[in-house]
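Please read the numbered points alongside the sequence and the model.

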Amino acid sequence: MLNIYYGDMEEAVFNTAAYFKYDYEDEWITDSFVREMILDVDGSTVLDSGVIDSPVLGKIPPVQLSGGVKTLILVKYHQDKIFNASTCGDNCAKWFLKMAEHEERTINLRHLMDFGEGFFDIRILNTDEIVHSMKELVTIAGAYV
């Protein structure tokens, strides 16, 4: 299940770009799930662990991926940490839900992310309520952001 805490959260890692720069591992980049995220969110193709082909920037290292993709990768590989996901656009939402289908994942948000028209299971940690649609989520989370 995906857990979200809205608003300021002291224990959340706020500077995900810096954390990623010093923490990511080469094998993360070539993981099939990560390759799929990078292609979907950034429109970029992983050539190998150190080179990504971006349609905008050309050949780039992993540290030049978008803030959203870097945060997604950190959430995938560091289940023990909580990352501020406010650098992520709405195009990252489905990936948070996919990661949380089989394992608990927790993120911190300081804005309302659009999780789409479908049904989902998200626990809002501020109130310990589980919501199943954007209508339910906005009603509760809107009070915190």
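1. N3 has R123 of β7 as its bridge partner. The two strands concerned, β1 (residues 2-6) and β7 (residues 122-124), pair in the parallel sense over three bridges. Helices (H or I, at least four residues) and strands (E, at least two) are DSSP runs, numbered from the N terminus, and two strands pair if DSSP finds at least two bridges between them.

2. The model is predicted: local features need pLDDT of at least 70 and side-chain atom pairs count only at pLDDT 80 or more, whereas totals for chains, interfaces and linings use all residues. Residues are numbered from 1 along each chain as its sequence is written, and side-chain values use heavy atoms, with hydrogens and water left out.

3. Strand β1 also pairs with β6 (residues 105-109), in the parallel sense and over five bridges. Within this pairing, I4 has I107 of β6 as its bridge partner. Four of the five residues of β1 are buried, so the strand is largely enclosed by the rest of the structure; buried means under 20% relative accessible area, exposed over 50% and partly exposed in between (1.4 Å probe, protein chains only).

4. L2 lies in strand β1 and stands opposite I122 in β7. With 0% relative accessibility, L2 counts as buried. Apart from neighbours within four places in sequence, its contacts (heavy atoms within 4.5 Å) include F96, L97, A100, I107 and F115. The C-alpha atoms of L2 and F96 are 7.1 Å apart, although 94 residues separate the two along the chain.

5. How do helices α3 (residues 32-42) and α4 (residues 67-77) cross? Their axes come within 10 Å and cross at roughly 155°, which makes α3 roughly antiparallel to α4. Axes are lines fitted to C-alpha atoms, for helices over the stretch in contact, and angles run from 0 to 180 degrees between N-to-C directions; under 35 degrees counts as roughly parallel, over 145 as roughly antiparallel, 65 to 115 as roughly perpendicular and the rest as oblique.

6. On the α3 side, the contact with α4 is made by F33, V34, M37, I38, V41 and D42. On the α4 side, V69, L72, I73, K76 and Y77 take part.
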